[in-house]
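Please read the following points beside the sequence and the model.

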Amino acid sequence: MTTQTDATVGLRPSGLVLDGAEQVHLCASLFYFRVPREAWADRLAQVAASGYTLVDVYVPWNFHETAPGRWDFTGRRDVGEFLDLARDAGLGVVARPGPYICSEWDGGALPAWLTLEDGLALRQAEPRYLRHVEAWFDQVMPLLAARQRDRGGAVVAVQVENELDFFDSADRPAYMARLHDLTRGHGITVPVVACAGQGDLAGATGGAAGITPAFNFYPDDLSPFVEAEVRQYADLVAGRGEPLLVMETNRRHATLRRLLVSGAKVIAPYLQASGFDFGYTPSVGNWGDPGGFMSHDYDFGGYLDPVGAPRPEMAEARVLARVLRTLGPALARSTTASADGAFRVDVSTSASPSRLVLDGGGELIGIPNLTDDAGTAAFPAWFGGPEVAVPLPAASCLLVLRDLPLDRFGLPGALRLATADLVGVGPDGIELATAGASVVVLEVPGGRPVLVELDAPAPGAPVRARIEAGVDGVVWAVVVRHPTEVDADVDAPSDGGVAAGDAPAEHPPLTALTGLDLAARTGRTTRHDVPPSSEAVGVHRGRTHYSTVLDGADELLVEGASDIVDLALDGAALPTIAGFGATFLLPVAGAGRLDATVETWGHANFDDVRLPALRLGSLRGLGRVWSVVSRSDVSALWRVSAAGGAGAAGGWPGEPAPLRTLGGWSSTRVGEPVTYSRGLAMDDDAGDAHHHALRLAGVAGSVQVSVDGVAYTVTEDDPWLHLAPGAGRAVAITVPHRPGSGLAAELLRLEPVSGWDVEAQPDEAILDLSRAAAAGEAVALPLELAPGEERWFEAAVPPGGLSLGFDGAQVRVSAFAGGELLGRVWLDDPARPRFTGGDAGRLWLPAAWNDGTVRLLVRATRGAETPTLGGVRLTATPG
């Protein structure tokens with residue numbers, strides 16, 4: 001992959017220009033790390049068959065650096081092989097190596113151990129962090145550079161970082177400039193881009209020279225304001241001489257059409273090709289909802305489902321791809337304008353519709369129907385004939401061509417109007433695609449326009465017409481095909497299309513398993529004074545087990561436990577906790593021993609301040625455990641001042657500062673910030689220093705707290721603040737004034753619980769157990785287990801690819817095959833958090849990994865029901 005070729009890549013106002021060809025590109029997300037290596041070629045071929053010309057490919061840092069300094073680019077981590085297969089499929093690649101990628105992936109791909117390094121600051125121009133980034137780029141950038149298009153490879157652009165405008169990076173210009181310099185220093189010559197997640201161009205790129213801004217739009221598909229927003233960004237970058245690159249957006253092709261007519265030159269709907277999060281790789285805390293787990297089934301409804309089965313949207317993809325290729329450079333060089341007044345509709349539509357003025361003549365108008373009801377679109381008779389009315393399908397966006405000269409295609413005259421999609425035109429005639437009735441108006445110079453109304457085609461029954469006009473008897477051959485019969489290749493006759501797939505075959509459910517004589521852990525522990533984080537004992541993915549003897553404690557305070565926390569007192573299981581680091585109290589009176597198993601579902605991939613374990617870079621494990629020595633009500637004796645200090649805001653309140661209970665100030669100035677301040681006694685009478693915890697009850701949303709001049713945000717999801725020994729002599733709490741706010745404060749004195757036996761069980765250790773030889777005996781399903789019980793089972797399964805579904809309640813199931821963790825499901829448990837993404841109840845066994853058996857690690861939880869594993873459902877999948 002080092003041979004120099006004549007291939008070129010450039011960015012012009014017309015878009016991403018490959019080998020001098022100007023074309024609007026469709027780009028599908030396809031992630032090698034979510035698809036078995038054996039399926040890469042087939043999945044890439046499916047994308048190519050959709051007509052999409054590009055794929056965007058994240059390259060997750062922590063997928064390749066599996067432990068500090070341990071790199072792996074082999075097997076299903078062989079990203080170089082994937083890029084070579086993309087080249088062989090005729091696809092260009094936008095490579096996205098981060099260092100941060102988001103992608104609902106464990107930690108956004110930032111290695112879990114980074115923040116163990118004292119003082120390291122993620123996603124900042126900070127030396128310690130950048131040293132790690134340099135080591136990552138030293139590994140990945142040469143792989144990408146060797147596979148650039150001008151060296152015979154597939155890479156046509158490289159994205160650095162991702163949506164930095166969502167993150168509080170202190171010196172964006174310095175940070176992004178350093179990433180750019182590192183990228184170019186490794187021989188990257190293709191365009192370097194950075195994506196804005198919420199439209200902040202400077203926030204995403206840092207204004208660094210050499211980085212082209214791209215944009216991620218995730219609008220409500222039914223919003224009437226999409227076109228107006230996108231046109232503003234198209235105008236913004238056009239003023240910089242750059243194209244509008246939409247590197248992530250929704251998957252519905254009606255929305256993609258709206259982006260097209262609003263000026264986008266690259267359109268990359270996120271996750272048209274779905275996949276699976278194998279291993280301990282999903283993330284937590286997605287999309288602003290505290291406590292969301294990403295399912296292993298990584299699916300947002302794209303045109304390929306996670307196991308590779310095409311959905312009906314594949315036909316829409318092929319049609320849109322044909323439109324882009326047919327109009328070619330004229331579309332790429334088009335300019336964007338408003339289409340106000342160009343049509344009338346009888347349903348809800350865009351507040352400001354868009355049109356493209358095509359280079360060389362003609363225009364393309366987008367007409368959205370933002371309802372689930374069919375409507376009608378009507379066009380004024382600008383060509384001298386009658387008004388034209390055509391059906392406007394529900395939840396659609398018609399692309400209507402007007403006044404397109406046909407001489408560039410080798411045909412006479414002009415296509416004055418086409419309400420079906422133009423998917424081909426040449427000396428042999430005009431090819432259109434639609435599922436409904438349509439109208440075509442053709443005209444030759446000096447002649448009168450000829451309007452033809454065409455019936456709706458059906459699969460296998462295209463509509464054909466010969467249209468004659470002019471004194472010389474010019475004849476155009478017109479064919480209208482059903483969208484499912486349109487081939488993606490504009491140079492091929494449309495006789496392929498999307499075949500209807502057979503319904504997946506259902507296998508009989510499993511009614512018995514083999515119970516294995518195999519331990520769920522080794523029992524080998526090390527001694528620690530306080531509970532270490534999982535990462536500190538080498539568990540970057542997997543589980544950590546903790547045990548301690550309780551010395552007469554009545555109540556414990558647990559700070560920072562995350563993600564899945566299973567506790568037991570004297571061997572009796574307690575309900576599972578998935579609190580994402582939120583502090584909680586645990587009654588333990590009379591108990592002599594505390595055991596905990598903490599499993600990492602995934603590290604946070606956003607930076608959410610509302611819960612400690614949702615902060616980017618937050619660690620996993622049991623956190624800190626304290627014995628509660630005493631409690632004090634500290635809700636009274638708070639001095640009241642306006643946020644600017646006593647006597648501010650026109651004497652509200654006046655001096656000397658009044659004393660009130662916390663939140664007890666009353667005034668008509670509702671909503672204005674009020675500060676309550678007081679000191680808290682931090683030392684006992686003997687002068688011994690203790691740790692303390694301040695609990696604020698009644699927090700609505702969040703409050704700002706200053707402790708000895710250091711600012712904190714305390715949220716209603718975790719209304720606790722830890723105070724180190726000696727801290728708390730000056731505490732100030734600022735809240736918007738709200739009569740009857742009901743705030744209260746309690747101070748807890750703490751002593752550490754020490755003496756912990758810890759067993760680290762990283763993912764490699766669990767995988768080793770899943771492969772271990774073990775005797776077994778048949779066990780009938782359904783199977784009842786005791787709360788806290790954990791057992792291994794083996795299931796015999798039929799050959800081929802399979803979806804696995806599980807019935808039952810109060811159990812968690814981890815499934816293993818082919819040397820991999822297929823994933824985890826959590827069945828019907830009040831403690832289970834909300835899941836996001838795809839189907840949280842199914843796992844995928846790829847055909848290439850199926851040797852006829854699946855190992856199951858089943859853990860029973862405590863709740864209202866008896867823990868039960870019911871039948872295991874099996875459904876055949878394509879691969």
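1. Histidine 180 has its place in helix α5, residues 172–185, where helices (H or I, at least four residues) and strands (E, at least two) are DSSP runs numbered from the N terminus. This is a predicted model, in which local features need pLDDT of at least 70 and side-chain atom pairs count only at pLDDT 80 or more, while totals for chains, interfaces and linings use all residues. Residues are numbered from 1 along each chain as its sequence is written, and side-chain values use heavy atoms, with hydrogens and water left out.

2. Histidine 180 is buried, with a relative accessible area of 11%, buried being under 20% with a 1.4 Å probe and protein chains only. Apart from neighbours within four places in sequence, histidine 180 is in contact with Val192, Ala209, Gly210 and Ile211 (heavy atoms within 4.5 Å).

3. The largest pocket holds about 860 Å³ of space. Of its 28 lining residues, Glu559, Gly560, Gly581, Pro612 and Asp718 are the closest to its centre. A pocket here is an open set of points on a 1 Å grid over the protein atoms alone, where a 1.4 Å probe fits, with protein on both sides within 12 Å along at least five of seven lines; lining residues have an atom within 4 Å of a point. Volume is the space filled by probe spheres set on the points, which are joined across faces, edges and corners. Strand β45 gives the largest share of this pocket's lining, four residues.

4. The second largest pocket has a volume of about 670 Å³, and among its 35 lining residues Arg257, Glu316, Ala395, Ser396 and Pro483 lie nearest its centre.

Note on methods: Buried means under 20% relative accessible area, exposed over 50%, partly exposed in between (1.4 Å probe, protein chains only).
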